[in-house]
Amino acid sequence: MSRSIPAALLITASMTLLPAVAHAGSGPWVLGDGEYSIYAGAEAERIERLQIVAGDERSTIDVDEGISTLAGKLIVTVGAQGRFEAELAVPYMRVHANRSDGPVCTSLGLSACATTHGVGVITTRAKGTVLDELYGDPVTWAVGLDLRFGQLTSQTRQRITNLGEGTFDVGFVTSVGRGGLIGAKGVYWSGYVEAAGWYRFPNTRNYTGVDGTVVNAPNPEGSATARMLFGWNSAFSVGPDVIFYARPGGLDFGNLDQTDPDRFAALSFSNLRVGGTAVLRARENVSFSATALQTVVATNNPLTTFVSIGVSTNGRLGREPR
């Protein structure tokens with residue numbers, strides 16, 4: 001088996017767009033009763049190399065001329081009772097191989113590098129605060145429930161250029177954050193950490209690797225996020241992001257059955273991305289944001305460059321309260 005063939009199969013969770021930053025649903029904070037926020041953004045991602053595990057060997061391999069993703073995302077968030085909010089996120093994506101005649105693409109079959117476009121994984125989140133700084137608590141702490149609808153991506157899940165793995169997922173999320181002032185000049189800061197886990201209803205419970213190992217495809221996944229923003233005035237803030245995503249269960253790359261349509265869903269992987277976000281507040285209810293992230297460590301996963309830009313607007317449903 002050539003080294004280029006297993007390398008291609010590792011392009012998997014990279015098609016899962018990172019959680020949006022700098023919109024109303026970020027972190028533990030929630031909108032007020034009857035308030036809403038609408039976020040519209042564009043996201044781009046490029047894959048050129050993979051870090052893979054095959055037996056006892058770890059290596060980094062080039063992926064032909066790369067894989068490119070362009071996506072638009074709409075996120076609508078509505079607050080209720082001052083402590084709860086509901087969110088809906090819908091992405092539309094286009095993924096293509098920059099050269100579909102490379103050795104990786106031509107070796108795989110199953111239309112591995114065909115250009116794919118359409119609605120990606122639709123996500124809904126219901127979140128409520130347990131502790132809230134606005135009520136005198138030392139931190140703001142929220143818990144929530146996620147539902148991810150990936151069924152629309154099922155027919156092309158076998159591709160390198162997939163939009164998702166075709167599953168329905170149920171997840172739990174918890175987030176803790178705080179904001180405050182630093183120094184005499186009053187530099188404002190806010191930051192939070194968030195942990196989430198999803199049970200993914202498997203496409204199959206009998207995916208069999210080349211050594212006979214049988215696993216679910218896919219297995220449960222989890223993520224951890226840390227973000228901070230620092231603002232020297234009310235118009236502009238900037239800060240670092242760290243995002244870790246992993247699926248502990250599954251198979252290493254070298255043990256995948258390349259002929260099975262759930263070859264990507266069967267992978268065990270991890271991915272650590274670092275970068276930053278900048279937010280510009282144009283008006284009282286309109287803000288622009290930009291994010292850049294780079295994968296620094298991965299196992300059975302691509303090294304990716306990710307950028308996004310977006311605009312958020314907020315308001316109140318119905319009349320303003322008297």
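Which residues form a nonpolar patch on the surface? In this predicted model, Trp 232, Phe 236, Val 238, Leu 280, Phe 288 and Val 311 form such a patch, with about 550 Å² of accessible area together. Patches are made of residues with over 30% relative accessible area and no salt bridge, like charges being joined within 9 Å and nonpolar side chains (Val, Leu, Ile, Met, Phe, Trp, Tyr) within 5 Å; a salt bridge is a side-chain nitrogen of Lys or Arg within 4 Å of a carboxyl oxygen of Asp or Glu, and areas come from the Shrake-Rupley method with a 1.4 Å probe.

Residues are numbered from 1 along each chain as its sequence is written. Because the model is predicted, local features need pLDDT of at least 70 and side-chain atom pairs count only at pLDDT 80 or more, while totals for chains, interfaces and linings use all residues, and side-chain values use heavy atoms, without hydrogens and water.

Val 238 lies in strand S12 (residues 236-247), where strands are DSSP runs of E with at least two residues, numbered from the N terminus. Strand S11 (residues 221-231) pairs with strand S8 (residues 187-200) in the antiparallel sense over 11 bridges, pairing being assigned if DSSP finds at least two bridges, and Gly 191 stands opposite Met 228 in S11. S11 is also joined to S12 by 8 bridges, again antiparallel, and the two form a hairpin with 4 residues between them.

Thr 225, in strand S11, is buried because its relative accessible area is 5%, whereas Val 238 at 33% is partly exposed; buried means under 20%, exposed over 50%, and partly exposed in between.

How values were computed:
Buried < 20%, exposed > 50% of the residue type's maximum accessible area, 1.4 Å probe, protein only.
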